[in-house]
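Please read this short report alongside the sequence and the 3D view.

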Amino acid sequence: MPHSIAEIAAALGTEPLGDGSIEVSGVSEPATAGPSDLALAMKPDYAAGLAQGQAQAAMVWAGADWQSLGLKAAIVAPRARLAMAGLTRLLDPGQGYGAGIHPSAIIDPTAELGEGVSVGPFTIIAAGVKIGAGSVIGPQAHVGTDARIGPGAMLHTGVRIGARVRIGRNFIAQPGAAIGFDGLSFVTEEESGVERARATLGDSSGTRPQSWIRIHSLGSVLIGDDVEIGANSCVDSGTIRPTRIGDGSKIDNLCHIAHNVVVGRDCLFAALVGIAGSTTIGNNVVLGGQVGVTDNTTVGDNVVAGGASVILSKVPAGRVILGYPATKMETHLEGYKALRRLPRLFADVAALKKSVFKDGGND
Amino acid sequence: MPHSIAEIAAALGTEPLGDGSIEVSGVSEPATAGPSDLALAMKPDYAAGLAQGQAQAAMVWAGADWQSLGLKAAIVAPRARLAMAGLTRLLDPGQGYGAGIHPSAIIDPTAELGEGVSVGPFTIIAAGVKIGAGSVIGPQAHVGTDARIGPGAMLHTGVRIGARVRIGRNFIAQPGAAIGFDGLSFVTEEESGVERARATLGDSSGTRPQSWIRIHSLGSVLIGDDVEIGANSCVDSGTIRPTRIGDGSKIDNLCHIAHNVVVGRDCLFAALVGIAGSTTIGNNVVLGGQVGVTDNTTVGDNVVAGGASVILSKVPAGRVILGYPATKMETHLEGYKALRRLPRLFADVAALKKSVFKDGGND
Amino acid sequence: MPHSIAEIAAALGTEPLGDGSIEVSGVSEPATAGPSDLALAMKPDYAAGLAQGQAQAAMVWAGADWQSLGLKAAIVAPRARLAMAGLTRLLDPGQGYGAGIHPSAIIDPTAELGEGVSVGPFTIIAAGVKIGAGSVIGPQAHVGTDARIGPGAMLHTGVRIGARVRIGRNFIAQPGAAIGFDGLSFVTEEESGVERARATLGDSSGTRPQSWIRIHSLGSVLIGDDVEIGANSCVDSGTIRPTRIGDGSKIDNLCHIAHNVVVGRDCLFAALVGIAGSTTIGNNVVLGGQVGVTDNTTVGDNVVAGGASVILSKVPAGRVILGYPATKMETHLEGYKALRRLPRLFADVAALKKSVFKDGGND
């Protein structure tokens with residue numbers, strides 16, 4: 001679906017430069033752009049690429065002399081990544097799941113679908129489900145008993161929503177996401193080795209081997225508005241109260257949100273993050289890929305954790321952390337530098353001992 | 001389905017206090033409980049919540065003056081989490097997959113299903129499969145050629161069981177679990193860089209780039225009784241002998257159990273754990289979230305590993321470990337404390353050098 | 001399907017010893033081998049096992065006196081794992097998905113399937129798809145709009161290929177792999193806390209809470225020949241250009257390859273590896289399980305990273321690395337040894353202070 005440069009500029013809240021009637025149907029890096037692509041040249045580095053490619057129009061850096069770059073039209077993006085958001089939304093051809101209810105879908109007669117909801121092939125909508133207007137329930141998906149999904153949702157192929165999950169507006173779930181199934185919650189008849197090790201900080205002795213007895217997860221999941229969950233990520237049901245994800249939070253692929261966890265508003269978790277049971281994450285928290293957070297702890301608002309940080313205890317609001325265990329980034333970097341300087345320190349101490357104790361001391 | 005307090009108390013092996021005929025249909029935290037909820041108030045902290053909520057009955061802490069808390073009935077739980085197991089089992093409404101064989105399921109005529117087995121929509125049961133009585137094979141699942149599943153299983157939506165997998169009684173698999181597919185097993189024609197690096201502990205030089213040749217996984221998977229596998233977790237087939245999971249072991253979401261691994265009895269692995277190929281894990285081993293275990297090693301019985309520990313070598317039985325690389329918890333904590341004290345140590349050594357060498361030494 | 005020892009030897013490029021007409025239908029460890037199994041006894045350690053089992057034929061170590069081990073036929077494997085590749089390929093009974101197009105599959109009339117392509121039950125092939133000859137598209141899979149898959153592919157049950165993904169020859173995808181869906185790419189209207197923390201290496205203050213605005217992923221995924229992707233792994237679409245996986249690369253279960261990543265030729269990634277956005281991985285790179293690589297960095301050719309290494313910056317070609325942060329393996333091991341020796345160093349410095357400053361100094 002082609003868009004004119006004028007139309008794109010308007011969508012981005014700016015004015016086109018040059019011939020706004022030129023139409024583009026895709027975007028491209030400058031060097032590989034065809035004549036119907038909008039070239040993305042948001043930095044001066046891309047000037048050479050524009051000469052190589054065939055773009056007639058480009059999104060350019062502020063102050064670019066776009067005419068001398070051979071362009072017939074241009075759009076200036078003051079904050080490049082923000083412009084990318086508007087531009088890619090406009091040009092996204094999507095997965096093409098198709099409109100309407102596919103005849104192979106199995107929809108319980110008690111389910112209520114809002115206006116314009118589409119349901120893909122081999123998808124199951126269980127009893128008592130309510131889905132808001134305009135939602136796209138993709139192919140091979142499963143929406144469990146009494147689940148609620150707000151308007152404007154996009155469930156990609158193979159998404160699984162468990163029974164009694166409640167989800168707000170504009171929800172996006174990537175393929176294979178599993179939301180609202182059982183948490184890992186087990187107990188032994190007597191105190192177990194792991195309970196003793198936790199209580200004593202390291203001693204698991206004196207406990208006898210026991211089998212695990214299952215605690216069922218009755219609390220389901222409660223998700224706010226504008227949330228996105230990545231491919232093959234899991235959000236487990238709470239035990240009694242629901243596990244919660246706040247409005248605007250975005251969670252990447254292969255993440256694990258355990259039972260009873262509370263995630264605040266506008267958080268961003270990269271892939272392979274794991275949040276253990278009953279932990280609370282504040283608002284606007286950013287966790288890098290593979291970050292782990294232990295159970296029953298608290299991470300304050302606006303915390304930023306670098307990739308693969310391991311959070312083993314409470315983190316105050318606003319802290320930028322890194323490492324295993326995660327500490328303030330500057331503490332981590334100092335510790336790391338000190339570690340690198342250790343061989344020299346050992347040599348210094350050996351020299352001191354030789355000098356002070358003459359005979360080389362007790363080494 | 002409502003249960004009387006007397007009935008719940010009996011299921012937990014105790015006596016009800018007060019009016020045992022009161023019926024409840026759900027559980028709740030005290031403050032949000034309605035009149036038909038059993039409030040869970042296992043600690044004195046919850047007394048105020050009971051006043052806020054509308055519960056008529058509650059599970060309370062030992063010694064609670066339940067009548068003065070406004071309750072008409074109460075149950076005392078000496079070991080709270082254990083009581084939760086019985087209680088939640090009783091009250092779990094489940095996913096509601098429905099009984100019987102759904103007409104859309106594809107079941108090979110050579111498959112044998114025990115009494116009362118249910119099979120959900122769009123599920124495939126391949127040739128030669130045997131499934132024990134009372135098992136629930138959920139929607140959109142796949143049970144491969146000649147697989148055996150014991151009685152009492154619950155396969156949630158989208159579970160995939162590969163060919164020739166053998167599973168014992170009371171198996172539970174959460175959505176998207178993939179059990180019995182190919183391991184990552186590859187070889188190069190000549191010694192590869194990674195083989196050389198392992199042999200020399202760090203030198204990969206002198207090897208030429210090569211392509212990987214696939215070793216197929218013929219050994220499938222053997223799972224004992226009472227095992228649970230979490231959502232989107234993977235248990236790969238062994239190469240020649242089966243990969244094994246012992247009776248009673250519980251594995252959380254997004255875990256990876258590689259080819260030829262042997263997991264013992266009654267282990268508990270939290271989410272995102274990875275066990276590399278041909279490693280043996282003992283009995284009653286507890287691994288925190290994101291723990292990794294290297295290939296071809298052994299973890300002894302009753303080991304407890306803290307979250308994100310990286311196990312790079314053999315661990316003796318009974319040890320409580322933490323860190324990267326994982327060491328005894330006390331060693332890890334000492335090392336960590338020492339690291340924190342390093343800046344002071346550097347200052348001390350500088351002062352010593354100044355004093356001993358007068359001129360500041362060779363720094 | 002039984003194979004004669006002569007036939008197997010020929011497939012491995014060697015000569016059979018003894019009676020090459022003996023037929024075997026499976027492989028086994030020596031001790032558990034039946035009379036129709038080929039025992040795998042590639043090391044002298046297995047001699048005792050051969051006596052316990054009933055194998056008539058075995059693959060044995062170079063120089064083995066196979067006749068005295070009670071065998072009627074033998075094959076000698078100079079490079080054992082290489083022989084395993086040929087042998088297991090020959091004897092793999094596979095998943096048995098069945099030939100032909102299953103009548104329940106939904107194939108868009110505009111899709112083009114090459115000769116001998118099979119499509120399993122409940123699988124969806126969307127509009128404009130092209131699939132090369134001989135490919136097996138397993139059950140419950142999804143191949144999205146305009147995707148291209150080369151000849152000889154094997155898509156296991158539940159694999160999801162997104163729209164416009166392009167894949168070369170001999171592709172293998174294990175169950176639940178999701179390739180070509182949206183990356184985690186978000187932007188805030190103004191500079192966010194995480195942008196500030198990155199720019200200042202640790203200070204996120206002075207930013208106000210903001211919501212995330214989505215950047216759509218238009219670039220899809222481009223995969224070379226002979227690539228394998230593990231169960232429940234995710235390869236996200238690029239933003240503008242495709243995310244790329246080079247020829248011959250093998251990626252294990254539960255891995256995450258983010259948007260815009262470029263993976264070279266013949267790489268091997270073990271399970272739970274995460275590569276963050278826009279990072280470039282060279283050729284013949286081997287990453288152990290749970291390795292993480294930060295975004296926008298470069299890992300050179302032939303790098304080998306030990307399990308759970310966290311790569312936070314550029315790695316030169318040929319390096320063998322380990323740790324968090326990942327450093328040269330010898331540096332990591334030295335640092336680790338130094339950490340273990342720290343308590344002694346603290347004691348030494350205390351003794352020095354006592355001696356030099358007499359009164360115990362300022363401690």
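## A buried ring

Phe122(A) has a relative accessible area of 5% and is therefore buried, since the cut-off for that word is under 20%. The model described here is a predicted one. Phe122(B) is also classed as buried, with a relative accessibility of 4%.

Phe122(A) forms an edge-to-face aromatic pair with Phe122(C), with 5.3 Å from centre to centre and 70° between the planes. This pair runs from one chain to another: Phe122(A) is in the loop between E10 and E11 of chain A, and Phe122(C) is in the loop between strand E10 (118-119) and strand E11 (124-125) of chain C. Both of these residues, Phe122(A) and Phe122(C), are buried.

## The ring cluster

How many aromatic pairs does the structure hold over all chains? The count is 3. One of them is formed by Phe122(A) and Phe122(B), an edge-to-face pair with a centre-to-centre distance of 5.3 Å and an angle of 70° between the planes. Phe122(A) lies in the loop between strand E10 (118-119) and strand E11 (124-125) of chain A, and Phe122(B) lies in the loop between strand E10 (118-119) and strand E11 (124-125) of chain B, so this pair joins two chains. Through ring pairs, Phe122(A), Phe122(B) and Phe122(C) are linked into a cluster.

## Charges over rings

Another kind of contact with a ring involves arginine. The charged end of Arg341(A) is placed over the ring of Phe346(B), at 4.0 Å from the ring centre. Arg341(B) lies over the face of Phe346(C), and here the distance to the ring centre is 4.0 Å.

## How the chains are related

Within chain A, the domain assignment gives domain 1 (3-91) and domain 2 (328-362). The C-alpha centres of these two domains of chain A are 57 Å apart.

## A glycine in a loop

Gly138(A) is found in the loop between strand E13 (136-137) and strand E14 (142-143) of chain A. Is Gly138(A) buried or exposed? With a relative accessibility of 0%, Gly138(A) counts as buried.

Leaving out residues up to four places away in sequence, Gly138(A) touches Tyr97(A), Gly120(A), Thr123(A) and Leu155(A). Asn302(A) is 164 residues from Gly138(A) along the chain, and their C-alpha atoms are separated by 34 Å.

## Strands of chain A

Strand E7 (residues 73-76) of chain A runs antiparallel to strand E2 (residues 17-18) of chain A, and 2 bridges join them. In this pairing, Gly18(A) stands opposite Ala73(A).

Strand E6 (residues 57-60) of chain A runs parallel to E7(A), and the two are joined by 4 bridges. Ala57(A) has Ala73(A) as its bridge partner in E7(A). In a regular strand, side chains alternate between the two faces of the sheet.

## A sheet in chain C

In chain C, 9 strands form an open sheet with parallel pairing, in the order E9-E12-E15-E18-E23-E26-E29-E32-E35. Which strands are the edge strands? They are strand E9 (112-113) and strand E35 (298-299) of chain C, each of which pairs on one side only.

Inside this order, strand E26 (residues 243-245) of chain C is joined to strand E29 (residues 262-263) of chain C by 2 bridges, and the two run parallel. Here Arg244(C) is opposite Val262(C) in E29(C).

Note on methods. Residues are numbered from 1 along each chain as its sequence is written. Chains are lettered from A and ligands numbered from 1 in the order in which they are written. This is a predicted model: local features need pLDDT of at least 70, side-chain atom pairs count only at pLDDT 80 or more; totals for chains, interfaces and linings use all residues. Side-chain values use heavy atoms; hydrogens and water are left out. Domain bounds come from an automatic or database domain assignment. Rings of Phe, Tyr and Trp (its six-membered ring) pair if their centres lie within 6.5 Å; planes under 30 degrees apart count as stacked, over 60 as edge-to-face and the rest as tilted. Buried means under 20% relative accessible area, exposed over 50%, partly exposed in between (1.4 Å probe, protein chains only). A charge sits over a ring if NZ of Lys or CZ of Arg is within 6 Å of the ring centre and within 35 degrees of the ring normal. Two strands pair if DSSP finds at least two bridges between them. Contact means heavy atoms within 4.5 Å.
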